[in-house]
Amino acid sequence: MSATATRKTFAVMVLIPVVVALALSAFAWPAARIAPRDLPIGVAGQATATAAVEQRLTGHDGAFEVHHYDSAAAARAAIEDRVVYGAVVVTPQGPELLTASAASPVVAGLLREAVAAQVPAGTPMKVTDVVPAPAGDPRGSAFGSSLFPLILAGVASGVLVTMLGLRRARAALALAGAAALAGIVGTALGHSWLGALTGDWWAEAGVLALTVLAIGATLAGFASLLGKPGLGLGALLMILVGNPFSGVASAPELLPAPAGTLGQWLPPGAGGSALRSVAFFDGGGAGGPLLVLGVWAAAGLTALLLGGRRERATDAPTPAPVPEPAPVG
């Protein structure tokens, strides 16, 4: 066996375990450390009546970020605007817990357990689901599973545009067209067929399309600036970081730091949050995630166009030298 073949053999033997370790760490670490971390929750009622509840919630070592509201109506509005995940309403008849399983079934269950543990034994506690999960997906399983196909669609579009040699405006048009059609197909399946989405049909399609475009444009932009290694960098960023750090299956505030925050600055996490907002909350809280998606899409397309100009300048033929006239005489 030649020295080159030996090096290649050992490279495969070493790289595969490294990839496995990275993948397991990226996916298993956040899942194994799920717990509330500054989870926004409201407490509604008169300050004198809610002081004890707020004190108990804030005493959970940074688990909850408590917001005070003067009335149950204000707390409901905050839930519908995605300011808080739920709220405890203190009334003379006893506490009432307001949840939003559409925001996260995992968080809704966690709040029921946490608040029930604070209520004295034998005290009745009313639970109201202000924004329930859709009947077609009561546990949020379909919604949580919808993100990875979007990532694959975005990665595939960026790879195909690069491998087919499409450049500049033609590449941008191909990415935008593929993303638009992916958004329509995804909404037809998730909304019309499965019933896992219940918001405005075209708003959902737009969010899905923008998510795919942001991912595809990022990969194509990286490849245009860095060559084919840029495809690998973009795919690793979206699949090994963006997907497990997105918090779509639970909530960003349940992931360990800095995974939850970082995930919302990447297209997969921003796309999941924006889709949840338009699908269940009439767009409440969608502004930030949509801005993140727009920035990634614009940056990727700009890199694609700049890289294309650089390639055009590099590939421009060098003018042939003009022969000097022969001397006379």
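Student: Why does Asp38 count as partly exposed rather than buried or exposed?

Tutor: In this predicted model, the relative accessibility of Asp38 is 45%. Buried requires under 20% and exposed requires over 50%, so Asp38 falls in between and counts as partly exposed. Asp38 belongs to the loop between H1 and E1.

Student: Why is Asp282 called exposed?

Tutor: The relative accessibility of Asp282 is 80%. The cut-off for exposed is over 50%, so Asp282 counts as exposed.

Student: How do you know that Trp29 and Phe245 form an aromatic pair, and what makes it edge-to-face?

Tutor: The ring centres are 6.1 Å apart, and rings pair if their centres lie within 6.5 Å. The planes are at 70°, and an angle over 60 degrees counts as edge-to-face.

Student: Why is Phe245 called buried, and why does Trp29 count as partly exposed?

Tutor: Phe245 has a relative accessible area of 12%, which is under the 20% limit, so it is buried. Trp29 has 34% relative accessibility; that value lies between 20% and 50%, so Trp29 counts as partly exposed.

Student: What makes Trp201 and Trp202 an edge-to-face pair?

Tutor: Their centres are 4.9 Å apart, with 70° between the planes. The limits are within 6.5 Å for pairing and over 60 degrees for edge-to-face, so the label applies. Trp201, at 22% relative accessibility, counts as partly exposed, whereas Trp202, at 58%, counts as exposed. The structure holds 3 aromatic pairs, including this one.

Student: How do you know that Arg82 lies over the face of Phe281?

Tutor: Arg82 is 5.3 Å from the ring centre. The distance limit is within 6 Å, and the charge must also be within 35 degrees of the ring normal. Arg82 is assigned a place over the face of Phe281.

Student: Why is Val43 called buried?

Tutor: The relative accessible area of Val43 is 0%, under the 20% cut-off, so Val43 is buried. Val43 sits in strand E1 (residues 39-44). Val43 and Val89 are 46 residues apart in sequence, and their C-alpha atoms are 5.9 Å apart in space.

Student: Why does Thr128 count as buried?

Tutor: Thr128 has 16% relative accessibility; this is under 20%, so Thr128 counts as buried. Its place is in strand E5 (residues 126-129). From Thr128 to Ser146, 18 residues along the chain, the C-alpha separation is 27 Å.

Student: How does the radius of gyration of the protein chain compare with that of a compact globule of 329 residues?

Tutor: The protein chain has 26 Å, but such a globule would have a radius of gyration near 20 Å. The C-alpha trace spans about 115 × 50 × 40 Å along its principal axes.

Terms used
Residues numbered from 1 in each chain as written. Predicted model: local features only at pLDDT ≥ 70, side-chain atom pairs only at ≥ 80, totals over all residues. Heavy atoms only, no water. Phe/Tyr/Trp six-rings, centres within 6.5 Å; stacked < 30°, edge-to-face > 60°. Buried < 20%, exposed > 50% of the residue type's maximum accessible area, 1.4 Å probe, protein only. Rg over C-alpha atoms; globule rule 2.2 N^0.38 Å. Helix = DSSP H or I, 4+ residues; strand = E, 2+ residues; numbered from the N terminus.
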